[in-house]
Amino acid sequence: MEDMVASTFWGPVTSTTEWCEKNYAHSPYIAEFYNTISNIPCIVLAFVGLVNALRQRFEKRFSVLHLSNMVLAIGSMLFHATLQQVQQQSDETPMVWEMLLYLYVLYSPDWHYRSTMPTFLFIYGVAFAIFHSLVRCSLGFKVHYVLLCLLCIPRVYKYYMHTKELPAKQLAHLYVATIGFGSLCWLLDRTLCKEIATWYINPQGHALWHLFMSFNSYFANTFLMFCRAQQLGWSPQVCYFLGFLPYVKINKPKTH
C-alpha cells in the first residue's frame with residue numbers, strides 16, 4: 001500500500017466519491033485519466049459559445065454562463081485528477097453556481113424587481129459554498145443539485161412550447177437526448193461498477209457522461225440564447241459552424 005501511495009503524486013484518496021475507473025492506471029499525476037481528459041470538450045464548446053456571445057454582443061449573462069461551464073469543467077478536471085476532498089468541492093460548488101445562473105437566465109425576464117433575484121442568488125451561492133466547505137454530505141449535495149435542476153424544467157418547457165422555429169426546437173431535442181444518454185452512462189457506471197471491473201475493456205461511463213454533458217450544456221445555452229434573442233426582437237437564426245455545430249446568429253434592429 002505504501003509503495004502505491006509513493007508512486008502517485010497526490011497521495012491517498014480523500015474525496016467522498018470515486019468512480020469506476022482504475023486509479024493512476026496511466027499516470028502517477030492523474031488519478032482518473034479518462035474522467036479527467038473527458039472534460040476538455042466542455043471547455044472547447046464553452047469557448048466557442050463565449051466567442052459567439054461576445055462577438056454578437058449578447059447580454060453579459062450568457063458570457064458568464066459560458067464562463068461558468070469552463071470553470072465547472074476545470075474544477076471537474078482537478079477533482080478527477082487528484083481525488084482530493086478540496087478539489088471535489090472545486091467540482092461540486094461550481095455545479096450549484098451554474099444551476100443558479102440557469103435559474104437567473106430562465107426566470108429573470110419576467111421578474112419585476114430587477115435587483116432582488118441576482119442579489120438573492122448571489123447570497124445563496126456564497127452561503128452554499130461556505131456550508132459545503134464545512135459539511136461533507138454526498139447524498140445531501142446530490143439531492144440539492146437535483147432539486148435545482150427540477151426548478152429549471154417548467155421554464156424550459158414553457159420556452160420550448162412558445163418556440164415555433166424547428167431548428168430551435170431541435171436544439172431542445174438535442175438537449176434532452178444528450179442529458180438522457182449521459183444520465184444512462186452515469187447510472188450504469190455507478191450501479192454496475194463491480195461487473196464492469198471484470199470486463200476486458202472499461203467503457204468509461206463517467207467519461208461518457210462528461211462528453212454528453214459537454215454538448216448538453218452547449219445546446220442548453222444556445223437554445224436559451226435563441227429564446228432570449230426572440231424576446232428582445234433580435235430576429236435570431238440557428239446557423240451551423242463547420243456544417244454541424246449550431247450557434248445563434250442575430251440581427252439587432254438599428255437604433256436611430
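**Exercise 1. State the volume of the largest pocket, and describe its lining.**

Solution. Step 1: the structure is a predicted model, in which local features need pLDDT of at least 70 and side-chain atom pairs count only at pLDDT 80 or more, while totals for chains, interfaces and linings use all residues. Residues are numbered from 1 along each chain as its sequence is written, and side-chain values use heavy atoms, with hydrogens and water left out.

Step 1: recall the definitions. On a 1 Å grid over the protein atoms alone, a pocket is an open set of points with protein on both sides within 12 Å along at least five of seven lines, whereas a cavity is a set of points where a 1.4 Å probe fits but cannot get out; lining residues have an atom within 4 Å of a point. Grid points are joined across faces, edges and corners, and a volume is the space filled by probe spheres set on the points.

Step 2: the largest pocket holds about 1300 Å³ of space. Its lining consists of 47 residues, and Tyr-145, Cys-149, Ile-179, Trp-209 and Met-213 lie nearest its centre.

Step 3: assign the lining to helices, which are DSSP runs (H or I, at least four residues) numbered from the N terminus, as are strands (E, at least two). At least two lining residues come from each of helix H4 (60–82), helix H5 (85–107), helix H7 (138–162), helix H8 (166–191) and helix H10 (205–231).

Step 4: sort the lining by residue type. Ala, Val, Leu, Ile, Met, Phe, Trp, Tyr, Cys and Pro count as nonpolar, Asp, Glu, Lys and Arg as charged, and the others, Gly among them, as polar. The lining of the largest pocket then has 31 nonpolar, twelve polar and four charged residues.

**Exercise 2. Describe the largest cavity and its lining.**

Solution. Step 1: the whole structure contains three cavities of 30 Å³ or more. The volume of the largest cavity is about 70 Å³.

Step 1: its lining residues include Thr-16, Gln-85, His-132 and Ser-138. H5 gives the largest share of this lining, four residues.

Step 2: by type, the lining of the largest cavity has two nonpolar, six polar and two charged residues.

**Exercise 3. Classify the ring pair of Phe-58 and Trp-234, and find the charge over the ring of Trp-234.**

Solution. Step 1: rings of Phe, Tyr and Trp (its six-membered ring) pair if their centres lie within 6.5 Å; planes under 30 degrees apart count as stacked, over 60 as edge-to-face and the rest as tilted. The count comes to twelve aromatic pairs.

Step 1: the ring centres of Phe-58 and Trp-234 are 6.0 Å apart and the planes stand at 75°, so the pair is edge-to-face. Phe-58 is in the loop between helix H3 (40–55) and H4, and Trp-234 is in the loop between H10 and strand E1 (237–241), so the pair ties together parts 176 residues apart in sequence.

Step 2: a charge sits over a ring if NZ of Lys or CZ of Arg is within 6 Å of the ring centre and within 35 degrees of the ring normal. The charged end of Lys-252 meets this rule over the ring of Trp-234, 4.4 Å from its centre.
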